[in-house]
Amino acid sequence: MSEHSEINFVKRKSGNNFLKNKKKDNPIAKVVAGTLSTIPANSTVRLPFTTFLMDTTKVNVAPNGGITIEEDGEYFITFSAFFPNTATTLTFSIFSPDFSGTALTGTGSANYSELVCLRRGDIIYVNVTNTAILPITGIVAGVLTVVKVEE
């Protein structure tokens with residue numbers, strides 16, 4: 001147990017009793033990254049989150065490219081993406097597990113954040129849609145973060 005995972009209190013002479021060595025719950029968070037090198041024309045592709053940047057218990061990576069929630073609660077979700085400046089036809093849709101929203105897209109980047117109540121088994125994922133008649137080539141990279149908010 002680390003020094004940050006417990007709280008120490010002392011007993012005062014006045015007779016007030018305090019808890020000693022009360023364990024704090026471990027944080028529940030997952031940060032994953034994924035990349036695509038090509039997005040076909042007129043298509044929607046799920047962004048494959050395969051690289052762990054931060055990993056704790058009770059949140060897992062889904063086999064189909066999302067994050068699976070293992071504990072009911074309120075979660076803060078953020079998504080950021082970077083892509084070629086010429087890729088102006090990309091849309092990033094976030095699902096948690098139903099459609100949550102579309103990332104705000106600027107030249108070469110996209111961002112999204114929300115606070116949402118999730119249940120055990122829910123999967124958070126991101127779809128990338130290319131509406132151009134030509135494929136998008138070049139690296140499209142995204143980072144998805146899911147953190148449980150304290151109750």
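**Strands, burial and salt bridges in a predicted model**

Residues are numbered from 1 along each chain as its sequence is written, and side-chain values use heavy atoms, with hydrogens and water left out.

Biologist: How many strands does the secondary structure of the protein chain come to?

Modeller: Helices (H or I, at least four residues) and strands (E, at least two) are DSSP runs, numbered from the N terminus. The chain has zero helices. Its strand count is 14.

Biologist: In which strand is the place of T68?

Modeller: T68 touches K58, V59, N60, V61, A62, G121, D122 and I123, leaving aside residues up to four places away in sequence. Contact means heavy atoms within 4.5 Å. The place of T68 is within residues 67-69, which form strand 7.

Biologist: Which residue meets R120 in a salt bridge?

Modeller: A salt bridge is a side-chain nitrogen of Lys or Arg within 4 Å of a carboxyl oxygen of Asp or Glu. By this rule the count is two. For R120, the N to O distance is 3.5 Å, and the partner is E70.

Biologist: Why does the R120 and E70 pair tie together parts apart in sequence, and how many residues apart are they?

Modeller: R120 lies in the loop between strand 12 (109-118) and strand 13 (123-130). E70 lies in the loop between strand 7 and strand 8 (73-82), so the parts tied together are apart in sequence by 50 residues.

Biologist: Is R120 buried or exposed?

Modeller: Exposed means over 50% relative accessible area, with partly exposed in between. E70 is partly exposed at 26%. R120 has 60% relative accessibility, so R120 counts as exposed.

Biologist: Which residue meets E71 in a salt bridge?

Modeller: E71 is partly exposed, at 22% relative accessible area. The N to O distance in the pair is 2.4 Å, and the partner of E71 is K148.

Biologist: Is K148 buried or exposed?

Modeller: K148 has 15% relative accessibility. K148 therefore counts as buried.

Key: Predicted model: local features only at pLDDT ≥ 70, side-chain atom pairs only at ≥ 80, totals over all residues. Buried < 20%, exposed > 50% of the residue type's maximum accessible area, 1.4 Å probe, protein only.
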